[in-house]
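The sequence and structure come next.

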Amino acid sequence: MNFQTPLTTLLAVAASATAEARDPAQDERDLLKVEAAICRAFEAGDADTLRKSLDKQFTLTDSKGTVTNLDQNLAEVSKRDPVYEVFKNHHQKVVLYGDAAVITGITTLKGHSGKVQFAGDYQFTDTWVYREGQWKLAASHATKLAK
């Protein structure tokens with residue numbers, strides 16, 4: 001006879017869930033790797049990499065307060081305007097929340113849009129979700145830092 005109590009059943013389920021949990025250190029490494037790939041994709045005009053790395057519901061709030069969606073961002077990258085000579089993230093901090101994560105840091109940009117040159121550092125906050133076995137960037141917000 002099996003006289004398993006509800007408490008032992010709950011503990012068994014919790015132990016099983018813990019065994020299947022992802023490794024937080026690996027999640028952090030994976031997130032930073034995908035962040036770096038996204039930066040390289042913006043530099044290279046690689047919309048395919050962005051399509052794979054950004055969530056279907058992706059939104060970007062840029063430094064001017066404009067909110068754009070996935071399709072708008074992919075179109076901008078595909079037409080290569082702006083052109084990024086430098087698109088690098090640094091001073092990143094990752095905070096994990098199970099199947100979600102927030103990364104804050106600074107993005108250094110340099111490039112041009114048409115004949116207008118730009119350069120600067122931007123404080124960013126990226127919100128990530130873990131879906132279908134991979135991290136997807138769901139939302140990003142950037143604020144230009146004073147020189």
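## Hairpins

Two residues separate β4 and β5, which form a hairpin, and Gly-114 in its turn has a positive phi of about 65°. Helices (H or I, at least four residues) and strands (E, at least two) are DSSP runs numbered from the N terminus. The model is predicted: local features need pLDDT of at least 70, side-chain atom pairs count only at pLDDT 80 or more, and totals for chains, interfaces and linings use all residues. Residues are numbered from 1 along each chain as its sequence is written, and side-chain values use heavy atoms, with hydrogens and water left out.

β4 and β5 pair in the antiparallel sense over 14 bridges; two strands pair if DSSP finds at least two bridges between them. His-112 has Gln-117 in β5 as its bridge partner. β3 and β4 also run antiparallel, joined by 11 bridges. Leu-96 stands opposite Ala-101 in β4. Three residues lie between the strands in the hairpin of β3 and β4, where Gly-98 takes a positive phi near 70°.

## Largest pocket

The largest pocket holds about 870 Å³ of space. On a 1 Å grid over the protein atoms alone, a pocket is an open set of points with protein on both sides within 12 Å along at least five of seven lines, a cavity is a set where a 1.4 Å probe fits but cannot get out, and lining residues have an atom within 4 Å of a point. Grid points are joined across faces, edges and corners, and a volume is the space filled by probe spheres set on the points.

Of the 31 lining residues, Leu-60, Asp-62, Glu-76, Tyr-84 and Leu-109 are the closest to the centre of the largest pocket. The elements giving two or more residues to this lining include α2 (24–44), α4 (70–79) and β3 (83–96). β5 gives the most, with six residues. By class the lining has 16 nonpolar, nine polar and six charged residues; Ala, Val, Leu, Ile, Met, Phe, Trp, Tyr, Cys and Pro count as nonpolar, Asp, Glu, Lys and Arg as charged, and the others, Gly among them, as polar.

One cavity of 30 Å³ or more is found in the whole structure. The largest cavity has about 50 Å³ of space, and its lining includes Phe-42, Glu-76 and Tyr-84.
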